[in-house]
Structures are given as C-alpha cells and as structure tokens.
Amino acid sequence: MCNKLDDDLYNLTQKKIMSSGGGQQSQALTKPTFSEVQASALVESVFGLKVSKIQPLPSYDDQNFHVCILRTKDTTDGPNEYVLKISNSESSKTPDLIEVQSHIIIFLRVAGFPTASVCRTKEDNLTSLISVDSGSEIKSYLVRLLTYLPGRPIAEIPISPQLLYEIGRVAAKLDKTLEKFHHPKLSSLHRENFIWNLKNVPLLEKYLYALGQNRNREIVEQVVQLFKDEVMTKLSHFRECINHGDLNDHNILIESSKSTFGDAVYQVSGILDFDDMSYGYYVFEVAITIMYMMIESKTPIQVGGHVLAGFESVVPLTPVERDALFLLVCSRFCQSLVLAAYSCQLYPENKEYLMITAKTGWKHLQQMFDMGQKAVEEIWFETAKSYESEISM
C-alpha cells in the first residue's frame with residue numbers, strides 16, 4: 001500500500017504554458033479535467049492495473065496523478081507507485097514528439113541515469129490516445145504511465161557546493177549520452193516555435209504586456225535586445241545537442257547517505273519531466289541549470305561557478321560559449337518570469353503555484369543585471385577554476 005503522499009507531491013512541478021501563444025480561451029480549454037475516479041478507470045482500462053489510491057500532482061497544462069495500485073497475483077513483483085500523465089489536447093496532437101520523449105527516458109535509464117520506467121499499455125504501446133466527448137466536441141488526450149520515483153526534490157534542502165557540482169555534472173552527462181540516441185522520429189525535437197527553447201527568447205516580446213510598465217519590464221526588454229544582438233548572431237558557433245531543458249529544483253530528486261565524518265552527503269536519485277526536451281546547445285543546458293539552482297539559494301551569484309565546474313568536468317565550454325553564459329542565464333530568468341506573469345492572467349486561481357520562481361527570481365535577475373556581466377563572470381569562472389586546481393592536486 002502507498003503512504004507518505006504529502007511529502008512527495010512536488011516531485012513533478014513547474015509545467016509550462018502552451019507553446020502556441022494562442023488566445024486565453026483556447027489555451028484554457030486544452031488542459032484535461034479528469035476526476036480521480038475517471039483517472040483510476042483509465043489506469044485499469046488502459047494499463048490493466050487496479051488502483052488503491054490516487055491523488056493529483058501539481059501540473060500546469062497537463063494532468064498528473066500519483067497512483068498506488070493494489071497487488072495482485074500478476075503484479076506481485078512490480079512497483080506499486082506510478083505517475084499517470086494525461087497530456088493536454090494540444091500536445092496530444094504531436095504523438096511523435098511524446099513517443100521520442102518516452103524512448104529517451106527508457107534509453108537514459110538503460111544508460112544508468114535515475115529516470116522512471118515507462119509502462120506499456122495492455123496493447124503493448126507506450127501511449128494510448130483517449131477520446132472524450134465534452135458535449136460540444138470530442139477531445140483526444142495521450143495517456144502515459146511512468147513508475148513513481150521516490151526521493152526529495154532539491155528545493156527542499158539547503159543546497160551545497162558539492163551537490164551543485166554534481167548537478168552540473170549530471171546535466172552534462174545527460175546531454176553527452178544523448179549524442180548516441182537514435183530514433184526514426186528524432187526530428188520532432190526540432191521545436192522551432194517552442195517558447196521554452198532558449199533560442200526563442202525573442203518570442204517573449206508578445207507577452208511583455210503582462211508585466212505592466214516598470215523596471216522589471218525594462219530589464220527584460222534590454223535582455224531580449226542583447227539576446228538578439230549577441231546570442232542569435234553566434235548560434236552557429238555553439239555545439240548542438242538534445243537538451244532536457246528543465247532541470248529545475250523540483251525536477252531533480254536527491255537522496256542522502258552518511259559520509260565517513262557522519263555528515264549527510266547528497267546524490268542525485270531521480271530526474272523528472274522530459275516534456276520540454278528539444279534540440280538546443282550544450283551551453284543552453286548549463287545556463288538553464290544555473291538559473292534554476294539560483295532560485296532558492298541564499299548566495300545565488302555564487303551558484304553558477306559550482307554548476308559550471310561540474311558541467312565542464314564532462315563538457316568544457318568553448319570561449320564563445322562561455323562568453324554567452326551570463327546573458328543566457330539572464331534570458332532564462334526572463335522566460336520564466338514573463339511567462340509566469342502571463343500565465344497568472346490565464347489562471348489567476350493558480351497564481352501561488354505559478355509564481356514559485358517569481359518569489360526570488362526578479363530579485364536575482366536585478367542583482368545580476370546591476371552587477372554586470374564582467375563581475376558575475378569573474379565569480380563564476382574563478383570558482384570553476386578552483387575545482388581544476390583541486391582535481392590536479
């Protein structure tokens with residue numbers, strides 16, 4: 001049987017707004033609205049598992065449920081906790097993309113990464129397309145079932161330099177490992193207008209009205225312009241790869257063990273939420289990871305050097321990539337903060353959840369901007385360099 005649900009409700013979080021940029025009403029209508037009873041029935045009819053307990057998980061435009069199953073003579077050896085993922089009706093129109101994401105999760109698990117297992121349907125498929133008559137129209141939703149990963153999201157603990165280094169290293173190893181991933185539908189990861197790909201920072205301009213007129217908006221406008229001038233012109237010099245794209249502090253789980261001195265040492269025990277995967281660049285992944293690790297830190301400017309050191313222990317950045325890092329971190333802050341403000345207009349009842357990043361994000365972005373690129377880079381690069389001297393000793 002399942003217990004301690006409350007402590008693990010935040011393992012899947014920070015889902016994003018639709019990439020289409022459509023009207024408020026059309027976006028609001030894409031999110032599934034399955035009840036717990038209906039979700040339980042889906043688990044049984046599609047995957048052949050009997051539910052003992054089910055509870056919603058936080059999500060934005062999809063629906064996620066934490067599912068506990070009853071043990072039967074056919075399921076005595078398998079896991080008894082799962083995550084049911086019901087994709088929104090818009091995402092469900094891109095089954096190739098979701099199939100590739102599922103195969104990547106499987107590929108990474110085989111390669112030794114702590115990802116979930118993807119469960120097959122009774123028809124031996126990775127997904128099932130469910131049609132629902134809403135009265136005015138029939139909507140279709142893609143349904144998946146993944147094993148539930150136990151552990152604590154790193155958002156719940158004071159994060160140490162050792163763990164920041166480890167997270168940077170995991171991020172680089174993940175992207176590096178995916179160089180070997182092949183799939184006939186891999187081109188679906190070229191998501192040209194996907195709002196959460198760092199390459200698409202200029203698309204934020206259509207959402208700026210959600211900020212009103214204030215200093216925050218002025219900073220975002222300057223970052224977007226700098227991005228156009230200094231990043232867009234250098235993209236051809238960045239090394240391409242597949243990005244996870246959302247290694248935030250709720251999508252990385254950790255577990256602790258005791259060191260020889262009796263202190264708690266944390267290791268990454270789970271990587272969640274591959275829905276934002278797309279083709280990008282190595283420097284994008286490290287920039288995104290640095291930004292999210294800054295969110296809850298009491299010394300946010302120091303974070304980047306530790307993450308960078310871990311990342312570069314696997315994939316050293318080129319000079320042109322390093323030169324873009326500061327602006328890319330600022331750009332990711334802008335993406336998260338602008339889209340959160342816009343999302344609050346769509347879903348005001350979900351404001352507290354949507355503004356997780358904004359609680360500290362604006363302050364961190366302003367601090368970076370006020371310090372300037374040279375001063376921030378000096379801290380990051382000197383910190384990263386200190387790891388080199390430790391390794392060579």
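Buried, in my notes, means under 20% relative accessible area. I'm working from a predicted model, by the way.

**Helix α4**

I started with α4, residues 161-177. How far apart are its end C-alpha atoms? I got 24 Å, and at 1.5 Å a residue the 17 residues should span 24 Å, so the two agree. Next I looked up which residues of α4 are buried. Leu163, Leu164 and Tyr165 are on the list, then Ile167, Gly168, Val170, Ala171 and Ala172, and finally Leu174, Asp175 and Thr177.

**Helices α5 and α8**

Then I checked how α5 (residues 215-230) packs on α8 (residues 319-346). The angle came out at about 135°, and the axes are 10 Å apart. Angles of 65 to 115 would be roughly perpendicular and over 145 roughly antiparallel, so I call this pair oblique. I noted the crossing as left-handed.

Who meets whom? From α5 I wrote down Val220, Val223, Leu226, Phe227 and Glu230. Their partners in α8 are Leu327, Leu328, Cys330, Ser331, Cys334 and Val338. Sorting the residues of this contact gave me nine nonpolar, one polar and one charged.

Asp124 has one of about 70°, and I found Asp124 in the loop between α3 (95-110) and β4 (128-133). Asp273 has one near 60°; its place is the loop between β9 (264-271) and β10 (278-281). Is Asp273 buried or exposed? Its relative accessible area is 8%, so I put Asp273 down as buried.

Note on methods. Residues numbered from 1 in each chain as written. Predicted model: local features only at pLDDT ≥ 70, side-chain atom pairs only at ≥ 80, totals over all residues. Heavy atoms only, no water. Helix = DSSP H or I, 4+ residues; strand = E, 2+ residues; numbered from the N terminus. Expected span 1.5 Å × (residues − 1). Buried < 20%, exposed > 50% of the residue type's maximum accessible area, 1.4 Å probe, protein only. Axes fitted to C-alpha atoms, helices over the stretch in contact; angles between N-to-C directions. Parallel < 35°, antiparallel > 145°, perpendicular 65-115°, else oblique. Left-handed = near helix turned anticlockwise from the far one by under 90°. Contact = heavy atoms within 4.5 Å. Nonpolar A, V, L, I, M, F, W, Y, C, P; charged D, E, K, R; others polar.
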